[in-house]
Amino acid sequence: MDVDIRKATINDLVRVQELNLKLFEKEYEEWDSLLDLNWTFSEVGTKYFADRISVDEGFVFVALVNNEIVGYLCGGLTKAEEYRKLPVVAELENTFVLEKFRSSGIGGKMYAKFIEWCKAKNVGKVRVEATAQNELAINFYRNNGFRDYTLVLESDL
Ligand SMILES: CC(C)(COP(=O)(O)OP(=O)(O)OC[C@H]1O[C@@H](n2cnc3c(N)ncnc32)[C@H](O)[C@@H]1OP(=O)(O)O)[C@@H](O)C(=O)NCCC(=O)NCCS
């Protein structure tokens, strides 16, 4: 399968949002019914993705198979904790590949482009947050060199 990875342009905005909504729907159904399924195409959500595509501190990569976008990876430089002595930090904020294209290296190829982007920006640490129950995604990140750092716990009152 021929896969082309490139930076998204503003013309890809709606397709990236469509894929993000699929990610939200998956997480909503499987783990987090508090997710707002209207966020992705809201004004705030649209601005978030448009910014990540357009500003220098952000990135969105898209994966194309037969000229169709089948996955994306999005994030940007992030403000890190002031109480840690950190280098420039970038965050992989969300990523999704259509189910029938998974496990054939597309996510890994987008991740490699992200690392290239980071190196060009002098990034010294990359981070990602994942839903704790999303073991497959956590394995994907661990296989790409991430190590566990914090664990966020919640309790309903
Ligand atoms: C995580 C994801 C982007 C990786 O993309 P990919 O193209 O499947 O990645 P690769 O082919 O390079 O790596 C495959 C590995 O990713 C992991 N993986 C993570 N989620 C997976 C899923 N839902 N289905 C299959 N593999 C998944 C597995 O460890 C897999 O290894 P395997 O093929 O040996 O089973 C993709 O699987 C996906 O969209 N998952 C659902 C959405 C998600 O969980 N996103 C991350 C939360 S922000």
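Which side chain does Lys26 meet in a salt bridge? Please start there, then show me what surrounds that pair in the rest of the fold.

Analyst: A word on the source first: this is a predicted model.

Lys26 meets Glu30. Their side chains form a salt bridge, with 3.1 Å from N to O. Both residues belong to helix α1, which covers residues 13-30. They sit four residues apart, or about one turn of that helix. Side chains of opposite charge can pair when their charged atoms come close.

How open is this pair? Lys26 has a relative accessibility of 24%, so it counts as partly exposed. Exposed would need over 50%.

Now look beyond this pair. The whole structure holds ten salt bridges. One of them joins Asp51 and Lys47, at 2.7 Å from N to O. These two residues lie in helix α2, residues 43-54. Here too the spacing is four residues, about one turn of the helix. Asp51 is partly exposed, with 25% relative accessibility.

Another salt bridge links Lys121 and Asp56, at 3.3 Å from N to O. Lys121 sits in the loop between α3 (106-120) and β5 (123-128), while Asp56 sits in the loop between α2 and β2 (58-65). The pair therefore ties together parts that are 65 residues apart in sequence. Lys121 has a relative accessible area of 24% and is partly exposed. Asp56 reaches 54%, so it counts as exposed.

Salt bridges can also join into a network. Arg15, Glu18 and Glu68 are linked in this way.

Next, the sheet. Five strands make an open sheet, in the order β1-β2-β3-β4-β5, with mixed pairing. β1 (4-7) and β5 stand at the edges. Each has a single partner strand, so one side of each lacks a neighbour in the sheet. On average, neighbouring strands are turned by 25 degrees against each other, direction ignored.

β1 and β2 run antiparallel and are joined by four bridges. Asp4 stands opposite Leu64 in β2.

Conventions: Residues are numbered from 1 along each chain as its sequence is written. This is a predicted model: local features need pLDDT of at least 70, side-chain atom pairs count only at pLDDT 80 or more; totals for chains, interfaces and linings use all residues. Side-chain values use heavy atoms; hydrogens and water are left out. A salt bridge is a side-chain nitrogen of Lys or Arg within 4 Å of a carboxyl oxygen of Asp or Glu. Buried means under 20% relative accessible area, exposed over 50%, partly exposed in between (1.4 Å probe, protein chains only). Two strands pair if DSSP finds at least two bridges between them. Axes are lines fitted to C-alpha atoms, for helices over the stretch in contact, and angles run from 0 to 180 degrees between N-to-C directions.
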